[in-house]
Amino acid sequence: MASSKSSFLQASILLVVVLPFLLIVPSFARLNVKVNFDEINILCSKIKNPPFCEAVLKSTPGVDTADFPGLIKITIDLARSNATNTQNLIKSLVPKATEPRLKASYTSCSDHYDRALGDFGDGEQALNANDPNRLSSYTSAAWNETIYCENELQGLAPDPSLPKGCQDLQSFCAIILVVANLLPR
């Protein structure tokens, strides 16, 4: 249970740190205007890993013709793909783990990623229903699942691809949260 309290505390601190970055220039409130690379640079500057954000968004087909809801949809798809790939990695690692605690942590991480994938599905439904508050809530929940997975792995020597997958998914969640904050409430 101490791990759950620690995870909750970390998630709470994370939201307190991220929330100020969600307050972006009001000129972004133009929902039907296509996103340009200058706006992508500004959006990406609001997250923890701007180079990741810029590289992904500038190289993803459709971003250059998307409006803000479209950019969120594209990013949800990218996040879902990342989560699926990471979960497949985790599932492949479970039978290879010889240390019982690592095997249990991988199994737990797989469960966390199941929930994150469900959160992205629910978030997409909220986006389609023009409900940015629910979208943000589901995206935050998905983000928290990656933190819980990271906490499961503390003190262990997991496959190095797994922490990277968690960090990348957190970056996708940050992008979604920043853009969702621009949608009318």
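Me: How many disulfides does the structure hold?

Reply: A disulfide is a covalent bond between the sulfur atoms of two cysteines. In this predicted model there are two disulfides, and with bonded cysteines counted along the protein chain they follow the pattern 1-2, 3-4.

Me: Which cysteine forms a disulfide with Cys44, and how far apart are their sulfur atoms?

Reply: The partner of Cys44 is Cys53, with the two sulfur atoms 2.0 Å apart, and both Cys44 and Cys53 are buried.

Me: Is the disulfide of Cys44 and Cys53 left-handed or right-handed?

Reply: One reads this from the torsion about the S-S bond, which for Cys44 and Cys53 is about -65°, so that disulfide is left-handed.

Me: What should I read from the disulfide that joins Cys109 to Cys149?

Reply: Here the S to S distance is 2.1 Å, and because the torsion about the S-S bond is about 105°, the disulfide of Cys109 and Cys149 is right-handed. Cys109 belongs to helix α5 (residues 100-128) while Cys149 belongs to helix α6 (residues 132-152), so the pair ties together parts that lie 40 residues apart in sequence. Cys109 counts as buried, its relative accessibility being 0%, and Cys149, also at 0%, counts as buried.

Me: At what angle do α6 and helix α7 pack?

Reply: Two packed helices are described by the angle between their axes and the distance between the axes. For α6 and α7 (residues 161-180) the angle is about 165° and the axes are 9 Å apart; since angles over 145 degrees count as roughly antiparallel, α6 and α7 are therefore roughly antiparallel to each other. Their crossing is left-handed.

Me: Which residues of α6 and α7 meet, and what classes do they belong to?

Reply: On the α6 side the residues include Leu135, Ala142, Trp143, Ile147 and Cys149, while those of α7 include Leu162, Cys166, Leu169, Cys173 and Leu177. By class, the contact of α6 with α7 has 15 nonpolar, six polar and one charged residues.

Note on methods: Residues are numbered from 1 along each chain as its sequence is written. This is a predicted model: local features need pLDDT of at least 70, side-chain atom pairs count only at pLDDT 80 or more; totals for chains, interfaces and linings use all residues. Side-chain values use heavy atoms; hydrogens and water are left out. A disulfide is a pair of cysteine sulfur atoms within 2.5 Å. Buried means under 20% relative accessible area, exposed over 50%, partly exposed in between (1.4 Å probe, protein chains only). Helices (H or I, at least four residues) and strands (E, at least two) are DSSP runs, numbered from the N terminus. Axes are lines fitted to C-alpha atoms, for helices over the stretch in contact, and angles run from 0 to 180 degrees between N-to-C directions. Angles under 35 degrees count as roughly parallel, over 145 as roughly antiparallel, 65 to 115 as roughly perpendicular and the rest as oblique. A crossing is left-handed if the near helix is turned anticlockwise from the far one by less than a right angle, and right-handed if clockwise. Contact means heavy atoms within 4.5 Å. Ala, Val, Leu, Ile, Met, Phe, Trp, Tyr, Cys and Pro count as nonpolar, Asp, Glu, Lys and Arg as charged, and the others, Gly among them, as polar.
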